[in-house]
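User: I am new to this structure and would like to learn how to read it. Could you take me through its features one at a time?

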Amino acid sequence: MSTNFIVITDPASPLEAYAKQNGIKFFNIPKNVGGRFSVLSAIGLVPLMLCGYDAAALLEGARACKKRFLEDGDDTLLQKAYHYATHKNAKINVIFSYGDRFLEFNDWYVQLWAESLGKKKGYKRYGLTPVGLIGSRDQHSFLQLIMDGVKDKTVSFIKVAAAGANTAIPSISLNGLEGCDFVNGLNLGELINAQCSATMHALVQEGISVDVIELERLDEASAGFLIYYFELLTSATGIMLGINTYDQPGVEVGKRILKTMLTAGKQD
């Protein structure tokens, strides 16, 4: 058993005690780091290293983000957080990521944003609803709501400059379908990024608040930068809303009720 398992847990937890009793290798994560903020701790780094990813490069990317926004005086992230926290109408924040590889990242962003910013203080409730979209797929569904529906959304586009650079679109011209020839000679990345830019310009024309995050390539360093960026943005937005970004009392209530229900069921 000790050679087939690794335990990652809080210091001095029951799971750590179990690992020690059974000779299982264990790693600790800080007690003050919640699950949604823990990607850059052992809970994220150990599995990534076991899968062959460069965890050192991931952390270097995170440090580069920290240096830019916390040490070098770039206040654009704080301006963005202030815009989100004080916007009179936009209470829905959309991430429009161009590339299928962002699917799990979008899921993480939804948890990070929702669990961190959906809070109540006394009788007042706070929250900015997250939506994760993938381009260009969701240009044909959710985009219609953003364009012509209620203007209660902000949109952040994420695109990768070098994505699909080695995948050429075949130069094919068919009789009667010459209207499609405009993509001939492009690579797939150029087409996807052009779709991203066109969608962004369309939203700007509708008066919708947008911004774009462009990565040179999608590798461990850029992923680390992006993770830290959204953790920092979430924290800054929570501060400006005047809430505790790091707890999740609404989730804990459901856990306690479930435990009570299951315990009562066994007693019956």
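Predicted model: local features only at pLDDT ≥ 70, side-chain atom pairs only at ≥ 80, totals over all residues.

User: Thanks. How many helices and strands does the secondary structure of the protein have?

Analyst: The count comes to 9 helices and 8 strands. As for dimensions, the C-alpha trace spans about 70 × 50 × 50 Å along its principal axes.

User: What share of the residues of the protein count as buried?

Analyst: The general idea is a cut-off: a residue is called buried when its relative accessible area is under 20%, exposed when over 50%, and partly exposed in between. Here, 37% of the 268 residues count as buried. The accessible surface of the protein comes to about 15,700 Å², and 58% of that belongs to carbon and sulfur atoms.

User: Back to charge, then. How many salt bridges does the structure hold?

Analyst: In general, side chains of opposite charge can pair when their charged atoms come close. This structure holds 10 salt bridges. One of them joins arginine 68 to aspartate 74, with the closest N and O atoms 2.8 Å apart.

User: Are arginine 68 and aspartate 74 buried or partly exposed?

Analyst: Arginine 68 is partly exposed because its relative accessibility is 38%. Aspartate 74 also falls in the partly exposed class, at 21% relative accessibility.

User: Which side chain meets aspartate 138 in a salt bridge?

Analyst: That is arginine 137, with an N to O distance of 3.2 Å. Aspartate 138 has a relative accessible area of 10%, so this residue is buried. Arginine 137, at 49%, counts as partly exposed.

User: Which side chain meets glutamate 206 in a salt bridge?

Analyst: Glutamate 206 pairs with lysine 151, at 3.8 Å from N to O. This pair links distant parts of the chain, the two residues being 55 residues apart. Glutamate 206 lies in the loop between helix 7 (188–205) and strand 8 (209–215), while lysine 151 lies in the loop between helix 6 (142–148) and strand 7 (153–160). Both count as partly exposed, glutamate 206 at 28% and lysine 151 at 45%.

User: What share of the contacts in the protein is between residues 24 or more positions apart?

Analyst: Of the contacts with a separation of 6 or more, 68% are between residues 24 or more positions apart. Leaving aside residues up to four places away in sequence, isoleucine 6 touches Ile24, Lys25, Phe27 and Leu50. By comparison, tyrosine 53 is 47 residues from isoleucine 6 in sequence and 18 Å from it in space, C-alpha to C-alpha. Isoleucine 6 has a relative accessible area of 40%, so it is partly exposed.

User: Which residues form a nonpolar patch on the surface?

Analyst: Look for Leu78, Tyr82, Ile239 and Met240, which together have about 430 Å² of accessible area. Helix 4 (76–86) and helix 8 (220–241) each supply at least two residues of the patch.

User: Why does leucine 78 count as partly exposed?

Analyst: Leucine 78 is found in helix 4. Its relative accessible area is 44%, and that is why leucine 78 counts as partly exposed.

Technical notes. Residues numbered from 1 in each chain as written. Heavy atoms only, no water. Patch = residues over 30% accessible without salt bridge, like charges linked within 9 Å, V, L, I, M, F, W, Y side chains within 5 Å. Areas by Shrake-Rupley, 256 points an atom, 1.4 Å probe, with all protein chains shown as cover. Salt bridge = Lys/Arg side-chain N within 4 Å of Asp/Glu carboxyl O. Helix = DSSP H or I, 4+ residues; strand = E, 2+ residues; numbered from the N terminus. Buried < 20%, exposed > 50% of the residue type's maximum accessible area, 1.4 Å probe, protein only. Contact = heavy atoms within 4.5 Å.
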